[in-house]
Amino acid sequence: MTIRNGLAGAARRTILPTLATKLWFGAFLIMSIADIAAEFAGAKTLTRILIFFPMPLLFGYVLARVRPAGALVRWLLAAIVFSWLGDAFGQQVIVKIAFFAVAQICYLIAFLPYWRNSVARRRPQFLILYAIATVAMIVFLVPYAGTVAIPVIGYALLVGTMAVLATGLGRLGVIGGLLFFVSDTILALMLFVPSMNFPTQGAWVMITYLGAQAVLAIAVLARVPAEAYRAG
């Protein structure tokens, strides 16, 4: 069994991206960079247009790379879809929270089978750091959140739990989960604490958010059995 697992892992590592996957991921990078550049430039109208593109391109990259036969890939794709809905149609705070909460639930379901490899099981001493960060976010934001305080608390618990479970995917999962947590923290400060806003805040939200989505997608693909990858 150990030899078989080792061979499967080696096979995964030797599967190279096809031209189609390179094009999809290249387009994702280009649109992400364009969106971030527009944020840095303060071009709000342009950012509202560009935000429509990165997540569908990442979705296309995943589909081009691997067949969505397994539950892990299906839940990843669902998370990407609901993230896109939050990006594209989340002009109202409560709507944005709702869409991204569903995306976090999809990630939670995707990562849950790997919880035995996460810090919750293997390095519980680090779990306290995630707990402290999540509680700190809640305690700081709730006085500013007003009527959406309860959804903010629920969402903070979801993203904190997702970041913990993402560690079960290895180093990429750790990085992706932390980037998502940082992105949501910066966004929450931008939405609820105007006194802490700074000119390039939106750009840093997008840098960490788009980075998180890409890294989590790659972390998931690294866990997909070799036979599920598309040929060619």
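Does Glu39 count as buried or exposed, and at what relative accessibility? At 14% relative accessibility, Glu39 counts as buried; buried means under 20% relative accessible area, exposed means over 50%, and partly exposed lies in between, with a 1.4 Å probe and protein chains only.

The model is predicted, so local features need pLDDT of at least 70 and side-chain atom pairs count only at pLDDT 80 or more, while totals for chains, interfaces and linings use all residues. Residues are numbered from 1 along each chain as its sequence is written, and side-chain values use heavy atoms, with hydrogens and water left out.

**The salt bridge**

Glu39 is part of helix α2; helices are DSSP runs of H or I with at least four residues, strands are runs of E with at least two, and both are numbered from the N terminus. Side chains of opposite charge can pair when their charged atoms come close. A search of the whole structure finds 1 salt bridge, defined as a side-chain nitrogen of Lys or Arg within 4 Å of a carboxyl oxygen of Asp or Glu. Glu39 and Lys44 form a salt bridge in which the closest N and O atoms are 3.7 Å apart. Lys44 counts as partly exposed because its relative accessibility is 46%. Glu39 is also 185 residues along the chain from Val224, and their C-alpha atoms are separated by 34 Å.

**Annotated spans**

The UniProt annotation "transmembrane region", from an unreviewed entry, covers residues 21–40, 46–64, 71–87, 93–115, 127–146, 152–170, 177–196 and 202–222. UniProt positions are given in the numbering used here, feature names are shortened, and annotations may be inferred rather than shown by experiment. Residues 21–40 are 100% helix and 0% strand, with 28 Å between the end C-alpha atoms. For residues 127–146 the figures are 95% helix and 0% strand, with end C-alpha atoms 29 Å apart.

**The nonpolar core**

A nonpolar core is a set of buried Ala, Val, Leu, Ile, Met, Phe, Trp, Tyr and Cys residues joined through side-chain atoms within 4.5 Å. The largest one has 65 residues, and Phe28, Leu58, Val62, Tyr107, Phe111, Met162 and Phe180 have the most contacts inside it. Helices α2 (19–41), α4, α5, α6, α8 (124–145), α9 (149–166), α10 (171–192) and α11 each supply at least two residues of this core. Its largest share, 11 residues, comes from α11.

**Aromatic pairs**

The structure holds 11 aromatic pairs. Rings of Phe, Tyr and Trp (its six-membered ring) pair if their centres lie within 6.5 Å; planes under 30 degrees apart count as stacked, over 60 as edge-to-face and the rest as tilted. One of the pairs, Phe52 with Trp84, is edge-to-face, at 6.4 Å centre to centre and 70° between the planes. This pair links distant parts of the chain, 32 residues apart: Phe52 is in the loop between α3 (44–50) and α4 (54–65), and Trp84 is in helix α5 (residues 71–89). Phe52 is partly exposed because its relative accessibility is 31%, and Trp84 is partly exposed at 23%.

Phe100 and Tyr209 form another edge-to-face pair, at 5.8 Å centre to centre and 80° between the planes. Phe100 in helix α6 (residues 93–111) and Tyr209 in helix α11 (residues 201–221) are 109 residues apart, and the pair links distant parts of the chain. Both residues, Phe100 and Tyr209, are buried.

**A surface patch**

Phe52 also belongs to a nonpolar patch on the surface, together with Leu46, Ile49, Phe53 and Phe89, with about 440 Å² of accessible area together. Patches are made of residues with over 30% relative accessible area and no salt bridge, with like charges joined within 9 Å and nonpolar side chains (Val, Leu, Ile, Met, Phe, Trp, Tyr) within 5 Å. Accessible areas come from the Shrake-Rupley method with a 1.4 Å probe, and for residues only the protein chains shown count as cover. Ile49 lies in helix α3 and counts as partly exposed at 46% relative accessibility.

**Distances between residues**

| Residues | Apart in sequence | C-alpha to C-alpha |
|---|---|---|
| Ala136 and Ala156 | 20 residues | 9.9 Å |
| Leu187 and Trp204 | 17 residues | 8.9 Å |
| Met206 and Phe25 | 181 residues | 17 Å |

Ala136 is in helix α8 and is partly exposed at 40% relative accessibility. Leu187, in helix α10, is buried at 18%. Met206, in helix α11, is buried at 8%.
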